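Please consult the model shown here.

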Amino acid sequence: MYYLSQALFFPPIDQANRDGILAIGGDLSPERLQLAYKSGIFPWFEDGEPIMWWSPNPRMVLFLDELVVSKSMRNILNRNSFKVTFNQNFRDVISNCQNIERDGQNGTWITNDMIEAYCKMYELGIAKSVEVWQDEVLVGGLYGIDLGHIFCGESMFSKVSNASKVAFITLVHQLKVENYKLLDCQVYNPHLESLGCREIDRTAFMEILKSI
């Protein structure tokens with residue numbers, strides 16, 4: 001495992017261990033975060049831990065044409081009971097992702113330092129958010145890193161049933177319109193699998209990532 005210095009550098013991703021951990025240390029500067037995502041790497045650690053950088057194999061992704069929208073979700077979308085916006089309340093979205101209670105988790109990996117780092121990325125136009133509203137109240141959303149041809153999803157939250165699914169599905173439809181190649185979901189999650197996401201070999205992911 002590689003220990004990062006202040007130098008703006010990551011080792012080759014094939015040096016990641018079996019769990020996908022590639023390196024430890026460094027910082028969360030916009031420059032390092034941009035280099036990480038362009039290299040197929042992302043930070044994932046808990047409060048009190050050193051920064052840990054991951055490049056898992058396999059990689060969980062969504063090919064946009066493979067999105068699965070259930071009949072019940074189509075009915076919810078057709079009722080227009082939610083309003084969806086883009087990039088209107090990034091800090092509120094990431095803060096809700098930090099604070100929302102999740103089954104099987106005692107805490108969150110979204111530290112306060114992570115929030116500030118990604119808010120800086122948002123100010124640079126690199127991090128993006130999707131907001132879901134009901135009766136003018138923010139009830140769901142997601143955020144991630146926009147590489148221009150791949151959207152790297154980071155986290156989503158839902159305060160009412162299906163709000164995060166509405167955010168996800170709406171984002172995918174928009175990415176298709178803009179001819180994106182992929183939505184990166186990082187690691188396996190059964191909820192994401194139900195929406196059509198699947199695991200692919202890291203080499204295949206990197207080929208798509210580098211095809212700019």
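Q: Why does D146 count as buried?

A: D146 has 16% relative accessibility, and buried means under 20% relative accessible area, exposed over 50%, and partly exposed in between (1.4 Å probe, protein chains only); D146 therefore counts as buried. The model is a predicted one, in which local features need pLDDT of at least 70 and side-chain atom pairs count only at pLDDT 80 or more, while totals for chains, interfaces and linings use all residues. Residues are numbered from 1 along each chain as its sequence is written, and side-chain values use heavy atoms, with hydrogens and water left out.

Q: What makes the contact of D146 and K128 a salt bridge?

A: A salt bridge requires a side-chain nitrogen of Lys or Arg within 4 Å of a carboxyl oxygen of Asp or Glu. For D146 and K128 the N to O distance is 2.9 Å, so the pair meets the definition. D146 is in strand β8 (residues 137–146) and K128 in strand β7 (residues 127–134), 18 residues apart; strands (E, at least two residues) and helices (H or I, at least four) are DSSP runs, numbered from the N terminus.

Q: Why is K128 called partly exposed?

A: Its relative accessibility is 22%, and K128 therefore counts as partly exposed.

Q: How many salt bridges does the structure hold, and what makes R59 and D184 one of them?

A: The structure holds 6 salt bridges. R59 belongs to strand β5 (residues 59–62) and D184 to strand β10 (residues 182–186), 125 residues apart. Both residues are buried.

Q: Why can the pair of K176 and D65 be said to tie together parts of the chain?

A: The side chains meet in a salt bridge at 3.3 Å, N to O. K176 lies in helix α5 (residues 163–177) and D65 in the loop between β5 and α2 (71–79), so the pair ties together parts that are 111 residues apart in sequence.
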